[in-house]
Amino acid sequence: GGQRRRVTLARGVAAQASLLFCDEPTSGLSATDAELCVKALRVIAKRLNVLVLVVIHQPRREVADLFDTLVLLTSNPGRLAYCGPMAEARAYMAACGHAVLAHANATDFFLDLLTPGTEQDASSALVDAFAARQRPSLEAAVEEALVAKGASTEEMLREVHGQAAAADGRATRRVRLGPYAAPFHQQVRTLLGRKVMTTLRNPGAVGMQLFMPIGMGFVLGSIFKGIGSTAFGLPQISFVFILLTMLSLQSLPLMPLLIEERGFMKHETSERLYTETAHILTSLCVTVPLSLIGATCKILVIFAFSGLSFKFLPIVLGWTLLLFCFFDGVFSAVAAAAPDGQQAQTMATPFLVILMLFNGSIVTRATAPVYLRWIFEISPTNYALQAIVIPMADDAGAAGQSYVDMMGYKTGENAKGILLIVAMTIALRLLQVAALKFLNKPQK
């Protein structure tokens, strides 16, 4: 418990907050840990010039003496009973006719007085005393502050920054005017270092992204061994389709991992430690390259087993990796929007079914309903299969051309397909940022 509280406080310091609200930070801690926790808060307040507001129950004497100002509230409904320096609270209570015993814990005594229904209940009397003794001066101070033109938020921050610099006698951290303590490049650098460390500490995740695809490559390669040496026809077209399908589905098992990471990210971004965009860029720099390496090795292994001519390798490798990037964007966007892993699988299924079936092999332009033929114009699988099959068919001569005609493929659409897939991938990444920012907010 104590370690967790320290981490929470450290996150508040890392965010360079000017104001900290701490709701019962000592609950569940031992008396010693509670004192250490409040001492840490006092250090933050004094050294970093941060205003710290703490809700606390039954602190022992050493803990209570650490606070500068005390506000006492009672219930039925919430009412003020005291607002002033902690050091003057005992004398104030004595002046109200409720002196604290010499060896008693003052905070326990205050709680007994302000808890309605107890034997020592004096809540109503203390509320009346507050209205007579303290409220007039507090209201006068408020009215005076409302009349006087105060400094802007930026001016106050700069003034506080100057006071801190004068007290330290040296240059301090820069004035924080935005919601984030660190600039974007520093966010990315820090997150990238953490991502690399956590990835290296999790061999299972590395194996899932790197070694499992290679193993699947050997399995599929053994199944389709030597298929490239046969005459061009439906078996080779089916081989290319299965290769594209397996590459498209490679990121599907990573969705639960992405959802788990999202939970940690949402808590940290809610505290303005970094932006959602920095989190996504970090994943793109670590997770996606690992998956791309695994996908590339998988393609090379399968291609080597297939026996296809190596002149087709650049086409096959380029389009399969392009398709992989697109579906990785689909799964990442779905994982950012779905509440849990089960719903993520359900949400991703329609995209997979529609975009994979409308490819000219399973569903052709001739067999598809007229009102659904527009799907071919946006199906990445259709463009990828078309771009790979047409060169293979041209190499086979007239027999290959008959298959191209049957599948309804058109030449000269490679540039269109590449631009469309790249644009859709970028759009999916933007949707991922929006979903991470606005959906599935943590309940605190």
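These questions and answers cover a strand crossover, aromatic pairs and a cavity in a predicted model.

Residues are numbered from 1 along each chain as its sequence is written, and side-chain values use heavy atoms, without hydrogens and water. Local features need pLDDT of at least 70 and side-chain atom pairs pLDDT 80 or more, while totals for chains, interfaces and linings use all residues.

Q: What is the handedness of the β-α-β crossover from strand 1 through helix 2 to strand 2?
A: Strand 1 and strand 2 (residues 51–55) pair in the parallel sense over five bridges. Two strands pair if DSSP finds at least two bridges between them; helices (H or I, at least four residues) and strands (E, at least two) are DSSP runs, numbered from the N terminus. With the strands pointing away from the viewer, a clockwise path from the first strand over the helix to the second counts as right-handed. This crossover is right-handed.

Q: Is E24 buried, partly exposed or exposed?
A: E24 sits in the loop between strand 1 (19–23) and helix 2 (31–47). Buried means under 20% relative accessible area, exposed over 50%, partly exposed in between (1.4 Å probe, protein chains only). At 32% relative accessibility, E24 is partly exposed.

Q: How many residues apart are F232 and Y403?
A: Rings of Phe, Tyr and Trp (its six-membered ring) pair if their centres lie within 6.5 Å; planes under 30 degrees apart are stacked, over 60 edge-to-face, the rest tilted. F232 and Y403 form an edge-to-face pair, at 5.8 Å centre to centre and 85° between the planes. F232 lies in the loop between helix 10 (203–223) and helix 11 (234–248), and Y403 in helix 17 (residues 398–407). They are 171 residues apart.

Q: Which kind of aromatic pair do F358 and F376 form?
A: Both F358 and F376 are buried. Their ring centres are 5.5 Å apart and their planes are at 70°, so the pair is edge-to-face.

Q: Which helix gives the most to the lining of the largest cavity?
A: A cavity, on a 1 Å grid over the protein atoms alone, is a set of points where a 1.4 Å probe fits but cannot get out; lining residues have an atom within 4 Å of a point. Of the 18 lining residues, the closest to the centre are L258, S283, S332, R429 and Q432. Helices 12 (255–270), 13 (276–306), 14 (313–337) and 18 (414–438) each give two or more residues. The most, six residues, come from helix 13.

Terms used: 1 Å grid on protein atoms, 1.4 Å probe; cavity = no way out; pocket = protein on both sides within 12 Å on 5 of 7 lines; lining within 4 Å.
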